Amino acid sequence: SLTQDSSFILGSPVVVGLTYMRDADGVSETVNETNITREKQTGLGVDLGLPIAGDFLTTYVEYARLDKQGTGAAAGVKGTFFDQLDYRFEYRQLGIGFVPGYFNQFYEATSFDFDTDSPKETVNGFYGSSSIGVLNGAAKAGVIYEAYEGKEAMLSAAAGWQKFNN
């Protein structure tokens, strides 16, 4: 990420990010008797952020493209309260075949097939998430709400914790 010292908006820095991802050979392996496959893929992302109130409130716009799979864009706000509660609220426009978060922490642990698992039409709508960590991140809980035009709204939640001592 690149940061400009100050902007014309409230003197806040403008944060510019550029991300390029490439998996040149894909994933093809078996773990615990489960076949995990992903085709080779290339992705590009560009984002602009304007931290209006430091980590508490940042406005942003994002654009991403997956090679031969479409594009996606989002605009919203995100932030952190007291270094424990994270939030994100955004409006998304996802093109045909585009999957947000395709390159994520589960990339090599899960299979994905664009023919069956990606959108077959443009998707527009709202995405919101919030999570809280306690005990210095030893336990965490979160909730995600998604509401896209022409689709039923989805609400999901999760909780987890780190192993203590042994």
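**Aromatic and surface features**

User: Which residues make the nonpolar surface patch of about 460 Å²?

Analyst: This is a predicted model, in which local features need pLDDT of at least 70, side-chain atom pairs count only at pLDDT 80 or more, and totals for chains, interfaces and linings use all residues. Residues are numbered from 1 along each chain as its sequence is written, and side-chain values use heavy atoms, without hydrogens and water. The patch consists of Phe-89, Phe-126, Val-143, Tyr-145 and Leu-155.

User: Is Val-143 buried, partly exposed or exposed?

Analyst: Buried means under 20% relative accessible area, exposed over 50%, and partly exposed in between (1.4 Å probe, protein chains only). The relative accessibility of Val-143 is 35%, so Val-143 is partly exposed.

User: How are the rings of Tyr-102 and Tyr-107 arranged?

Analyst: Rings of Phe, Tyr and Trp (its six-membered ring) pair if their centres lie within 6.5 Å; planes under 30 degrees apart count as stacked, over 60 as edge-to-face and the rest as tilted. The centres of Tyr-102 and Tyr-107 are 5.6 Å apart and the planes are at 80°, so the pair is edge-to-face.

User: Is Tyr-107 buried or exposed?

Analyst: Tyr-107 has a relative accessible area of 7%. That value makes Tyr-107 buried.

Methods:
Patches are made of residues with over 30% relative accessible area and no salt bridge: like charges are joined within 9 Å, nonpolar side chains (Val, Leu, Ile, Met, Phe, Trp, Tyr) within 5 Å. Accessible areas come from the Shrake-Rupley method with a 1.4 Å probe; for residues, only the protein chains shown count as cover. A salt bridge is a side-chain nitrogen of Lys or Arg within 4 Å of a carboxyl oxygen of Asp or Glu.
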